[in-house]
Amino acid sequence: YRKIQAFIASHYDRLDELFGLNWKHLVAYTSIRNIIRSTSAAELEASFRRHSAVLAESLENADGRRFVTFDGKVLRGSFDHFADQKAIQILSAFVTDEQIILAHEEIAAKTNEIPRAQDLMQSLGLSDCIFTFDALHCQEKTLEIAQATGNDVIVQVKANQPTLLNECQTISETSSPQAVYTEPVTKARNRIESRQVEVFVAPDLTHADKWDTVAAFIKVERHRQVFDTKAKTWKNTDETAFYISTTVLTAQAFCQGVRQHWSIENSNHYVRDVTLGEDQSRIRDNPHIFARLRSRSEEHTSELQSH
């Protein structure tokens, strides 16, 4: 709140010209705090979504399809032991290509990400998008809601769906993929990374009635070399991951979708924590209000960094 007041003081002449403030005195930081804390979360979110929708529409992809990532983030400093309040968790919908946050949903203490993500998919009103999720959202209902709203899903498969994971492993070992893509080796700082994507179309699953929306599954093999600056040696790691999809894309497009899902960590969470100091914030009264304001700032910060 003090930084907002400092910003107003530094840019008062410009703000006065734009908005006709004509203030006799600068607003106190305590007044700024009271205004933000008492703001209606519902009205702020509605305004945020309208603004983000305009931005997203102005940056329409040539092929008309977008990857939209759903991911939750904990506001680690928002806990309040005296009020028996745990840290608040916010779920965001993030357009990976344009790096635009479309919407937020606060996750209540007695629920989790899954139903909130399902509600958000329906309330966004999007169509012809590809939603990407981590393994927590590998749920039959999530896939059904996406298709009912005219969208598709790519979601990772892990041990929370043991039968499905086992079938993906078995099919990949006993069948030939319909498409294969080997990504060019990427080098960044002390890391060398490569990956290969295999696509298996129309898999014959045991519980076909449960997973009848699955059109393909994807096997991703990652090989990573990380240089240990202390030991002066390279450490090799290999990882295999499986994903299911309700649509069939090229192996290269699947590779792009999987990679872009995890870009939310660098393009969104990193900026919020390192640049905007979200994890260090000790705002405890309506912390989700300021989290939404950071989202607007975060998008402008990412845009400046890209330029």
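**A conversation about strands, helices and cavities**

Visitor: Which residue of β9 stands opposite I192?
Guide: I192 stands opposite Q225 in β9. Please keep in mind that this is a predicted model.

Visitor: And how many bridges join β8 to β9?
Guide: Eleven bridges join strand β8 to strand β9, which covers residues 216-228. The two strands run antiparallel.

Visitor: What is the bridge partner of K187 in β8?
Guide: The partner of K187 is I192.

Visitor: How many bridges pair β7 with β8?
Guide: Strand β7, residues 186-188, pairs with β8 over three bridges, in the antiparallel sense. In the hairpin of β7 and β8, two residues lie between the strands, and R189 takes a positive phi near 50 degrees.

Visitor: What about β6 and β8, parallel or antiparallel?
Guide: Strands β6 (residues 179-182) and β8 (residues 191-201) run antiparallel and are joined by four bridges. In this pairing, A179 stands opposite V199 of β8.

Visitor: Let us turn to the helices. At what angle do α5 and α6 cross?
Guide: The axes of helix α5 (residues 113-124) and helix α6 (residues 140-148) cross at roughly 0 degrees and come within 10 Å. Because of that angle, α5 counts as roughly parallel to α6.

Visitor: Which residues meet there?
Guide: From α5, the residues are Q118, M121 and Q122; they meet K141, T142, I145 and A146 in α6. By class, this contact has three nonpolar, three polar and one charged residues.

Visitor: New topic: how many cavities of 30 Å³ or more does the structure hold?
Guide: It holds two cavities of that kind.

Visitor: Which elements supply at least two residues each to the lining of the largest one?
Guide: Those elements are β1 (66-75), β2 (88-95) and α8 (251-275). Among the lining residues of the largest cavity are D71, K73, I90, H269 and R272. The lining divides into three nonpolar, four polar and four charged residues.

Visitor: And what lines the second largest cavity?
Guide: The second largest cavity is lined by L75, G77, S78, E278, S281, I283, P287 and R294. These divide into three nonpolar, three polar and two charged residues. L75 and E278 belong to this lining and also to the lining of the largest cavity.

Note on methods:
Residues are numbered from 1 along each chain as its sequence is written. This is a predicted model: local features need pLDDT of at least 70, side-chain atom pairs count only at pLDDT 80 or more; totals for chains, interfaces and linings use all residues. Side-chain values use heavy atoms; hydrogens and water are left out. On a 1 Å grid over the protein atoms alone, a cavity is a set of points where a 1.4 Å probe fits but cannot get out, and a pocket is an open set with protein on both sides within 12 Å along at least five of seven lines; lining residues have an atom within 4 Å of a point. Grid points are joined across faces, edges and corners, and a volume is the space filled by probe spheres set on the points. Ala, Val, Leu, Ile, Met, Phe, Trp, Tyr, Cys and Pro count as nonpolar, Asp, Glu, Lys and Arg as charged, and the others, Gly among them, as polar. Two strands pair if DSSP finds at least two bridges between them. Axes are lines fitted to C-alpha atoms, for helices over the stretch in contact, and angles run from 0 to 180 degrees between N-to-C directions. Angles under 35 degrees count as roughly parallel, over 145 as roughly antiparallel, 65 to 115 as roughly perpendicular and the rest as oblique. Contact means heavy atoms within 4.5 Å.
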